Amino acid sequence: MTGKLCVIFCVVVSTCGFCQISEEVEKSLQSVSPDAIEATMSFLAHDLLEGRQPGTRGFAIASQYVETRFKDLGLKPGGENNAYTQRVVLKKGIIDKSASEFVLTNVKAPAWTYGNEFVFTPYMASGQSVVAAPLIFAGFGVSAPALGYDDYKGIDVRGKIVVLFDQAPDNFGNNERAYFSSPNTKYQEAVNRGAVGVVTLNMSRRTSWAAIVRRNAQGTLKWVDAQGQAHNSFEELKVIASVNPEHHEILFSRSGKKLQDVFNKVKSGKPQSFALNIEAQSKATTKHSTVESSNLIGVIPGSDPNLKNEFIVYVAHLDHFGIGNAVKGDSIYNGAHDNASGVAILLEIGRAFTSLPVAPKRSIAIVVVTGEESGLLGSDYFANNPTVGGDIVANLTIDMPFFFHPVLDIVPYGAQHSTLSNGVAEATKVLNLQISPDPFPDQVIFIRSDHFSFVKRGIPALFIKSGFKTLASDTIDRSKSDLAWRSTTYHTPQDDMTQVFDFGGAATHAKVNFLIGLFTANDASRPSWNKGDFFGGKFGKRENPGKP
């Protein structure tokens, strides 16, 4: 403990652990309502909102509902023109399957059809993208000489289509593996090397091919800047494709190498880049449209005249997939856990802050964003175009935090990177929660939600999920059941309110995130990256990190 936190003091007590909070903070914790979380989730995940896809009536209704809740809580408008909203213009692209093809020109194999063997990422720069080029395998598509690893060493991919594995080498640290597993990181490296396309092979199998095809049918969204350009569209890559795992092997059929042997070597940290001796012809036809959407920003102004222009920003995404391909007879992707739950918890965090008799020293921004499911779009837009008029010093993101059971421990993704770990330590002591390590480092969760938009701007961030510790009376292995949820329910219409949630556990998530933000807001020192941290070194050296 730093000794700089004005709302708590350390003593030796019994059930509370090491720290005792003030009566005012205790009342704020008590204001967090499990019933309110359930009620908010029930509304946002109702069939009437039709899955809250950006640009739809359902999303607009959800957004209006959240705005009225902001007003009810007494949050000040933090958007544009003294309103709660921040306009986010999105460009949408959907592949015209009937006018798109991917042909392996010198391989004896049945013709590939869209959705069965391959899918394309829509090409955002124009309505059609055509390219014919050799395929060249480039491992994970990672160039990290400082880590002693470079898939591009000794190969020339200029004018070629690179074939890449998802993920990153096993011998990378968790931080490095997370960063280099990001598709955008891989795409940018390919662009830097002069490639004209990327074909990704999904070796992690985190998501089934059927789910990939369903999601692809929803199209791609990119936020548009003031010049009308789609952000992060990688227009130099004339084709970005994914291939059905059942057909990965054919891409290696003329290389003299076996797919699994190559994958094993690359995973162990031994680059295996080589020509595949296959030519490909690609034609991607994309239909474009404009989608009007928005973020919502509510503010609790800080009470300290010297610190009130520094902001702790909480984020949850409002969007989901709308109406899509039917699964088990249901076509509405309600997004109850992903992420009506995060918005509901965020509103209770707002309730806890506004119930304090004196606001924290730093300001608090409650931000509900659009387009997370399409690539962290709303949070990325806000992080690059903040409306709060101050210096963002920390982010806490709430996104399907898991509360299918009581929350006895948390996994605080990001705590190991910055001094936000101080607030995590204090909050878990107050609430008698344990801190658990990342149970699935191979899933690189640290890059997979809205907090990463802030990390890329040099802002320390946290993303908290529950761990797997259970009560003695619980006979279910939560490490298995929570993981199974990802393969059976995640991003399907079955993520609705018929699931068995523990809303007391949801309230625990609200309380721990509230306390971390409160302690951080009242600390005399602003959050900072730990010395030598990978993400701090890569992003934290911006001239003015966190500033608009």
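1. Helix 4 has as its buried residues N175, E176, R177, A178, Y179, F180 and S181; buried means under 20% relative accessible area, exposed over 50% and partly exposed in between, with a 1.4 Å probe and protein chains only. That makes 7 of the 8 residues of helix 4 (residues 174–181), so the helix is largely enclosed by the rest of the structure. Its cover includes strand 8 (143–144), helix 5 (183–192), helix 11 (451–455) and helix 14 (534–539). Helices (H or I, at least four residues) and strands (E, at least two) are DSSP runs numbered from the N terminus.

2. The model is predicted: local features need pLDDT of at least 70 and side-chain atom pairs count only at pLDDT 80 or more, while totals for chains, interfaces and linings use all residues. Residues are numbered from 1 along each chain as its sequence is written, and side-chain values use heavy atoms, leaving out hydrogens and water.

3. Helix 2 (residues 34–44) packs against helix 13 (residues 503–522) at about 100°, with the axes 8 Å apart. The two helices are therefore roughly perpendicular, a label for angles of 65 to 115 degrees. Axes are lines fitted to C-alpha atoms over the stretch in contact, and angles run from 0 to 180 degrees between N-to-C directions. Helix 2 contributes P34, I37, E38 and M41 to the contact, and helix 13 contributes F503, G504, A506 and A507; contact means heavy atoms within 4.5 Å.

4. The largest nonpolar core has 69 residues, and M41, F70, Y314, I349, F353 and F514 have the most contacts inside it. Such a core is a set of buried Ala, Val, Leu, Ile, Met, Phe, Trp, Tyr and Cys residues joined through side-chain atoms within 4.5 Å. Helix 13 supplies the largest share of this core, 11 residues. Leaving aside residues up to four places away in sequence, F70 touches L75, Y84, L296, I297, G298, L347, I366 and V368.

5. L408 lies in the loop between strand 19 (391–397) and strand 20 (409–413). L408 is partly exposed, at a relative accessible area of 27%. Not counting residues up to four places away in sequence, L408 touches N432, L433, Q434, K469, T470 and L471.

6. Strand 16 (residues 322–327) and strand 17 (residues 330–333) run antiparallel and are joined by 3 bridges; pairing requires at least two bridges found by DSSP. I323 stands opposite I332 in strand 17. The hairpin has 2 residues between the strands, and K328 takes a positive phi near 55° there.

Key: Parallel < 35°, antiparallel > 145°, perpendicular 65-115°, else oblique.
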